[in-house]
Amino acid sequence: MIIDGSKIASDLRAKLQKNIIELRSKYNSVPGLSVILIGDNPASKIYVKNKEKFAKEVGIFSEVIRYPEKIDEKTVLEKIKELNNDKKISGILVQLPLPNHINKRRVIESILPEKDVDGFHPVNVGNLSSGYESSIPCTPLGCYLLLKTVEKDLSGKHAIIIGRSNLNGKPMTQLLLKENCTVTITHSKTKDLKKECNRADIIIAAVGKPNLVKKDWIKKGAIVIDVGINKTGSGIVGDVDFKEVSQVAKAITPVPGGVGPMTIACLLQNTLACFKRTNS
Ligand code: NAP
């Protein structure tokens, strides 16, 4: 089974759009998303363009605040302060990576936790790991929703997460623990990754290494979610050798068309959730 992330994301956006129409008549306002984009990173520019496009499609007010690469940190922090106090803005996102002279931690921590649509603020990270309501980072949330389309009950499954970044691996761990999975988190220093993967019912690959995960790493019937986006001479590929692994996995996400579209749809879902929290 190929998990069609594009279709699942499109269905989620349609649901959000309907919800926003209802909210507009109830509150006479719509969720607002501000994206801060610093510099000219080509990948960041594409991500932001897509975020803006889909936000508009579902009826979210959206604005992109663009700064040149050399902008000073103080100006960015002042802008965030202004957005924190702006009633029409429910969610603030600062597109990463940031230029080296800007302190990522200070920037993330300056966003009000209730407007932190990326779920990167320590308050949200803490809430997620304590099992409390929080903004959940968009990519792991997307992976989780894709998994749930394959298997409603994940309880007791053994999940292997490859990669321990704050963006992907760590929040994914929390989401799967909440579902009563037994979770093993692996990384570049893990001794025998193949052996770890061989015993997994669920594999989440978030590494950034093209085709790292091979067919003989997969237990028959496992579910494989590929977060990786790697540019190669033959186009964009994931961290999983899709052609081979799809022969043994019960379900697998393609790259592109798997996790990627869900990341943006989950950002829109988070913006709506922030709006609901601040209006309830
Ligand atoms: P990251 O911060 O670079 O983290 C990569 C992780 O992989 C690290 O924990 C690293 O271990 C681990 N790793 C590296 N080589 C390994 C190996 N040979 N075996 C096992 N683990 C290894 O990356 P990230 O931001 O999480 O992104 C991961 C991938 O997801 C990238 O391809 C990125 O482009 C993609 N991505 C996709 C989306 C989407 O929407 N689909 C969103 C975000 C990111 P150490 O901690 O030991 O260094």
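Biologist: Why is Val-150 called buried?

Modeller: Val-150 has a relative accessible area of 17%. Buried means under 20% relative accessible area, exposed means over 50%, and partly exposed lies in between, with a 1.4 Å probe and protein chains only. Val-150 is therefore buried. The model is a predicted one, in which local features need pLDDT of at least 70 and side-chain atom pairs count only at pLDDT 80 or more, whereas totals for chains, interfaces and linings use all residues. Residues are numbered from 1 along each chain as its sequence is written, and side-chain values use heavy atoms, with hydrogens and water left out.

Biologist: Where is Val-150 found, and how far is its C-alpha atom from that of Lys-250?

Modeller: Val-150 belongs to helix H6, residues 138-150. Helices (H or I, at least four residues) and strands (E, at least two) are DSSP runs, numbered from the N terminus. Although Val-150 and Lys-250 are 100 residues apart along the chain, their C-alpha atoms are separated by 9.0 Å.

Biologist: What makes Asp-226 buried or exposed?

Modeller: The relative accessible area of Asp-226 is 3%, so this residue is buried. Asp-226 lies in strand E7, residues 223-226.

Biologist: Why are Ile-20 and Leu-93 given the label buried?

Modeller: Ile-20 has a relative accessible area of 1% and is therefore buried; for Leu-93 the value is 2%, so the label is again buried. Ile-20 is part of helix H1, residues 5-27, and Leu-93 is in strand E3, residues 91-94. The C-alpha atoms of Ile-20 and Asp-216 are separated by 46 Å, and those of Leu-93 and Ala-249 by 35 Å.

Biologist: What makes Asn-28 count as exposed?

Modeller: Asn-28 has 71% relative accessibility, so it counts as exposed. Asn-28 lies in the loop between H1 and strand E1 (32-38). Its phi is near 55°, a positive value in a residue other than glycine. Asn-180 also has a positive phi, near 65°, and is found in the loop between helix H7 (169-178) and strand E5 (182-186).

Biologist: Which residues does a cis peptide bond join, with omega about 5°, and which with omega about 0°?

Modeller: The bond with omega of about 5° joins Leu-96 and Pro-97; Pro-97 is in the loop between E3 and helix H4 (104-110). The bond with omega of about 0° joins Val-255 and Pro-256, and Pro-256 is in the loop between strand E10 (251-252) and H10.

Biologist: How is the chain divided into domains?

Modeller: The chain is divided into domain 1 (28-112) and domain 2 (138-260), with bounds that come from an automatic or database domain assignment. Their C-alpha centres lie 29 Å apart.

Biologist: Which residues of the largest nonpolar core touch the most other members?

Modeller: A nonpolar core is a set of buried Ala, Val, Leu, Ile, Met, Phe, Trp, Tyr and Cys residues joined through side-chain atoms within 4.5 Å. The largest one has 50 residues, of which Leu-147, Met-172, Leu-176, Ile-204 and Ile-225 touch the most other members. H10 gives the most to this core, with 10 residues. At least three residues come from each of domain 1 and domain 2.

Biologist: Which helix gives the most to the shell around the ligand?

Modeller: Helix H10 (residues 259-279) does, with 3 residues.
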